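Please work through each one with the coordinates at hand before reading its solution.

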Amino acid sequence: FRARSFEETRKEGSLFDSLFSFMAPAGKLPEFRREGNDWFCNAGLPSDITVIVDGINFHLHKFPLVSNCGKMSRICEESPEKALTTALEEFPGGPDVFLFAVKFCYGMRVELTPRNIIMVYCAADYLEMIDDNGEVNLLSKSQNYFHRTILRHWKDCIVALQNSDPVIPRAEKLEIIKKCLDALSTMVCTDPSLFGWPMMMYGSSQSPGGSILWNGINTGARIRSTDSDWWFEDISYLSVGLFEKLINTMKARGIKPENLAGAIMHYARKYLPGLGRWQSGQISKTRTVASFSLTPAPVDQRVLIETIEKLLPEKRGKTFCRFLIGLLRVALILGVSQTCQESLEKKVGMQLEEASLDGLLIPTYSDSDTLYDTDCVLRIMDHFMSSASRVPPFSPSLDLETSPSAEPLRKVAKLLDNYIAEVASDVNLKPRKIRSLAEALPDTSRPLHDGLYRALDIYFKAHPWLSDKEKEELCNVIDFQKLSIDACAHASQNESLPLRVVLQVLFFEQMQLRTALAGCLHVLDAENAPAGPMAAPGDIAGQIVQRDGWVSVVRENQGLKVDMDNMRTRVGELEEEVCKIKQEMNRVSKSHSSLSSPRMVARKIGCKLLPRASDVQPESAQSIGLSPRVSVDEARSSRHSRHRKSLSLF
């Protein structure tokens, strides 16, 4: 593009041309030079107007400005002074754009480009450079270039938007930004090969028309690409505000939510380096706008996270959930607003079944003594339970353990048990926090409580100073009837558990054995019932083998029952021996504390008395105190050996 030249203006026979033939040397156009904060025009006449723009002084002439600018014409009419000084407040684009407009007024050559078009457009509107003040003025030229060039080419539109930040308020008033966003949204919905320019550089052997080049010759063949993410990298060069407006425009135009989510995730990972770890899957190849070197826009990371949180669509999946958790972790580090943090926690909780253990292990970024932010996980669990009302209120109650709709609940329960096991080794983690985590989900979410038992076992070993009462309170969250045989075997020999808990485990284990024995007897009774129709010989043989197997199982269960009865008897005997030991120890302590006895008085006086048989009572008591302790250890080892023997039968 080339504005009207000095020679073309001279042909028009205007007074302005004759004036410049007097002002400027023959055959030369006016030139501008800068001296510090002052710009001068060597037109041959002294300056009669000084225009101040952002502290820069432009020493100009009234006539060329008045001939093209309606605003300058009014200023000169309002001030009849011969040497006028005026300041243009909030001039769009600053001194550089004003110099561009001044050169146009003086008939110098100027060039419109995608980088300056929006600022020049706004400056021409500010100065009222309409056609009434000059034939084919700067405003009309800017409008023509904007509509015929910028809005028809993807790359030009992106570059124009990226350079529009200084004049966005006026550009929005003129609907320039809206037109660019609408054009980009339309081109996203269209095949990129139809734009007359490749959207991405797939290689150096590509022509501006999108055709493949061979030794610089256009072959006519086009590169075919079905990728829906070709525009992600380009729009990532926009500022946060323009990116938000573009995503909202695309959403209103009906672009697929998964494509919008992909663009948002790409934009976030570009400006939040901490999200790189939470990117799963293959990383797409970075592409840029052809033949343009764009620089990323300056971004406030906290504002970026709060903006992205508002733009995120309703989407599910492991990749998206992992991105949300990574975004939440970065948000906690940067200290975003409470509303943004709660919204991110809610979004994670709504698809918590897609999360992974390493994602939930969020470190504590506050002054807390614990290693991990368990409060954040508890809030996420609350959001999951509030959004997991998968059974409609008018439908009949379903069995959560067998219903397919309870699968997410079972996944989250397993995830939570693993999380508790990981954080249990933190010595600063309080028992009430463990209990809150364990009770965050209903009992029906766990078919087995083995994971919960494992987590508590790790916690007890990492906190050996806990009292039996605190341990018993934590063990109340475990349903011992839902422990597997292996877990029961481990719990019965676990020295970290209180004795009462071990007895509960043994009791429920015996109940399971009784239930299994009753089932076996029921089967045997069914087999001893009157036979029905004759069966085939093969079927009879199979029934005999099955019956023999059940008989052996019944015998083994009977042996286990006898062992359990013996174990119960032995436990009672141990309790009686412990009571006797306590009584004996009390009697020994009383004998030592009797300082006012006659023998002690005589000893103080200096009399010597004959020793009595009762003087050796402490030693005998000590010997008596050793034997019960040995018997307790023997009984405990006997109990463990008997239990291991009973479990080996399975």
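A crossing is right-handed if the near helix is turned clockwise from the far one by less than a right angle, and left-handed if anticlockwise. The model to which this is applied is predicted.

**Exercise 1.** Determine how helix α10 and helix α12 are arranged relative to each other, and which residues meet.

*Solution.* 
Step 1. Helix α10 covers residues 176-188 and helix α12 covers residues 240-253. Their axes come within 9 Å and cross at roughly 55°.
Step 2. Angles of 65 to 115 degrees count as roughly perpendicular and those under 35 degrees as roughly parallel; α10 and α12 are therefore oblique to each other.
Step 3. By the definition above, the crossing of α10 with α12 is right-handed.
Step 4. On the α10 side, Ile177, Leu181, Asp182, Leu184, Ser185, Thr186 and Val188 take part, and they meet Leu242, Lys245, Leu246, Thr249, Met250 and Arg253 of α12.
Step 5. Sorted by class, this contact of α10 with α12 holds 7 nonpolar, 3 polar and 3 charged residues.

**Exercise 2.** Carry out the analysis for helix α5 and helix α6, and classify the residues of their contact.

*Solution.* 
Step 1. Helix α5 (residues 94-105) packs against helix α6 (residues 117-127) at an angle of about 70°, the axes being 10 Å apart.
Step 2. This angle makes α5 roughly perpendicular to α6.
Step 3. The crossing of α5 and α6 is right-handed.
Step 4. Val97, Phe100 and Ala101 of α5 form the contact with Met119, Val120, Ala123 and Leu127 of α6.
Step 5. The residues of this contact of α5 with α6 comprise 7 nonpolar, no polar and no charged.

**Exercise 3.** Is glutamine 341 buried or exposed, and which residues does it touch?

*Solution.* 
Step 1. Glutamine 341 lies in helix α16, residues 338-349.
Step 2. The cut-off for burial is under 20% relative accessible area; glutamine 341, at 13% relative accessibility, therefore counts as buried.
Step 3. Residues up to four places away in sequence aside, glutamine 341 touches Leu328, Leu332, Val336 and Arg379.

**Exercise 4.** Identify the residues that touch the most other members of the largest nonpolar core, and list the contacts of valine 51.

*Solution.* 
Step 1. Of the 650 residues of the protein chain, 43% count as buried.
Step 2. The largest nonpolar core has 154 residues, of which Val51, Leu60, Leu88 and Leu352 touch the most other members.
Step 3. Beyond its neighbours within four places in sequence, valine 51 contacts Ile56, Asn57, Phe58, Leu60, Leu65, Met72, Thr86, Leu88 and Phe98.

Definitions and conventions: Residues are numbered from 1 along each chain as its sequence is written. This is a predicted model: local features need pLDDT of at least 70, side-chain atom pairs count only at pLDDT 80 or more; totals for chains, interfaces and linings use all residues. Side-chain values use heavy atoms; hydrogens and water are left out. A nonpolar core is a set of buried Ala, Val, Leu, Ile, Met, Phe, Trp, Tyr and Cys residues joined through side-chain atoms within 4.5 Å. Buried means under 20% relative accessible area, exposed over 50%, partly exposed in between (1.4 Å probe, protein chains only). Contact means heavy atoms within 4.5 Å. Axes are lines fitted to C-alpha atoms, for helices over the stretch in contact, and angles run from 0 to 180 degrees between N-to-C directions. Helices (H or I, at least four residues) and strands (E, at least two) are DSSP runs, numbered from the N terminus. Angles under 35 degrees count as roughly parallel, over 145 as roughly antiparallel, 65 to 115 as roughly perpendicular and the rest as oblique. Ala, Val, Leu, Ile, Met, Phe, Trp, Tyr, Cys and Pro count as nonpolar, Asp, Glu, Lys and Arg as charged, and the others, Gly among them, as polar.
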